[in-house]
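The chain as a whole is described before the individual pairs.

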Amino acid sequence: MKVINISHPHQMKKELIPETVLALGFFDGVHLGHQKVIKTAKEIANQLGMKSAVMTFFPHPSVVLASKEKHVEYITTQAAKEHYIANLGVDMLYVVKFTSEFANLLPQQFVDDYIINLHAKHVVAGFDFTYGKLGKGTMETLPFHSRNQFAQTTVDKLTEGNEKISSTAIRTMIKNGNMKSLPSFLGRNYHVTGIVIDGDKRGRTIGFPTANVKLEENHIYPAVGVYAVRIKVKSTWYQGVCNVGFKPTFNKKEDLKPSVEVHIFHFDEMIYGEQVVIEWHDRIRNEQKFSSIEDLVQQIEVDKQEAIKYFEKNKEQTCFLS
């Protein structure tokens, strides 16, 4: 997949760009609803004998616009988003830098510069996609703005149960620690990447050495608690149990940011400085304070056995990134 980073105003020449079927959206998470949009574009591209393209934006519009809720944390980092979109077989990915100047484009200007002048002959987007200043452009106005230069397909909402599959719903699930429901919305388990850093090494002294993982800054942190996870170290996946929180047995909550520590099963290597991927499966319990180290050690063993039982019951689950 060819990745093309664009800043407004772009200098791309239409005559040098192949005709494409273009999927539009922010696509944070590349969840099942997003996948439906992108796969629809790819299918139409195959039917028309054209290249498939996706256009996304960075950062999230809420960061630039005067929004009450600013999405500075993402379900997927930009690199992960590109990875997932590439896995769907897309030919081209446009990453447009979202700025105030870009946000102020009138709907017709956006269509002229970022659809027609990028040689899109068919546009695919979700029913709620908006474009142009104040989001005045919608899928209903797109035929008017198209100047008869391209066709369009609107993809209806995708639901799971009675709930719309959306990035908003997924963010809420992550923040609530509801990891079991995520695969039916994301199409995979939730993943984060980070670097193993030097910690206080207290886990090693009590018989449960942990990898202290500093997450990439833009990730959404799961709710505080203990989780059954898988962790990818040097291309190999291991099972483990992860604590997200403030280690209340040893520290005062107000003094610290949440830490992410993984006790990796059947693993005893020094991996400081290694980049790892954590795959979240099930929240075992909330974080709690123990009156003694012995009680903590006993509970960690219980947590470990709970995680082992979980993976025994869910052997068929596979990893989207493997």
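**The chain as a whole**

The model is predicted. The chain contains ten helices and 16 strands, and its C-alpha trace spans about 75 × 40 × 40 Å along the principal axes. Of the 322 residues, 50% are buried. Among contacts with a separation of 6 or more, 75% are between residues 24 or more positions apart. The accessible surface comes to about 16,000 Å², and carbon and sulfur atoms hold 49% of that area.

**Charges and salt bridges**

The chain carries 39 positive and 36 negative side chains. The centres of these two sets lie 3 Å apart. Side chains of opposite charge can pair when their charged atoms come close.

| Salt bridge | Closest N and O atoms |
|---|---|
| Arg171 with Asp28 | 3.0 Å |
| Asp112 with Arg147 | 2.9 Å |
| Lys234 with Glu274 | 3.9 Å |

The salt bridge of Arg171 with Asp28 has its closest N and O atoms 3.0 Å apart. This pair links distant parts of the chain, 143 residues apart: Arg171 belongs to helix α7 (residues 167-176), and Asp28 to the loop between β2 (20-24) and α1 (32-48). Arg171 has a relative accessible area of 5% and is buried. Asp28 is buried too, at 1% relative accessibility.

Asp112 and Arg147 form a salt bridge with a closest N and O distance of 2.9 Å. The partners are 35 residues apart, with Asp112 in helix α5 (residues 107-114) and Arg147 in the loop between α6 (142-145) and β8 (151-155). Asp112, at 18% relative accessibility, counts as buried because the cut-off for that class is under 20%. Arg147 is partly exposed, with a relative accessible area of 47%.

In the salt bridge of Lys234 with Glu274, the closest N and O atoms are 3.9 Å apart. Lys234 lies in the loop between β13 (225-233) and β14 (236-245), and Glu274 in the loop between β15 (259-264) and β16 (275-285), so this pair ties together parts 40 residues apart in sequence. Lys234 counts as partly exposed at 47% relative accessibility. Glu274 is also partly exposed, at 26%.

How values were computed. Residues are numbered from 1 along each chain as its sequence is written. This is a predicted model: local features need pLDDT of at least 70, side-chain atom pairs count only at pLDDT 80 or more; totals for chains, interfaces and linings use all residues. Side-chain values use heavy atoms; hydrogens and water are left out. A salt bridge is a side-chain nitrogen of Lys or Arg within 4 Å of a carboxyl oxygen of Asp or Glu. Helices (H or I, at least four residues) and strands (E, at least two) are DSSP runs, numbered from the N terminus. Buried means under 20% relative accessible area, exposed over 50%, partly exposed in between (1.4 Å probe, protein chains only). Contact means heavy atoms within 4.5 Å. Accessible areas come from the Shrake-Rupley method with a 1.4 Å probe; for residues, only the protein chains shown count as cover. Lys and Arg count as positive and Asp and Glu as negative; His and the chain ends are not counted. The place of a charge is taken as NZ of Lys, CZ of Arg, CG of Asp or CD of Glu.
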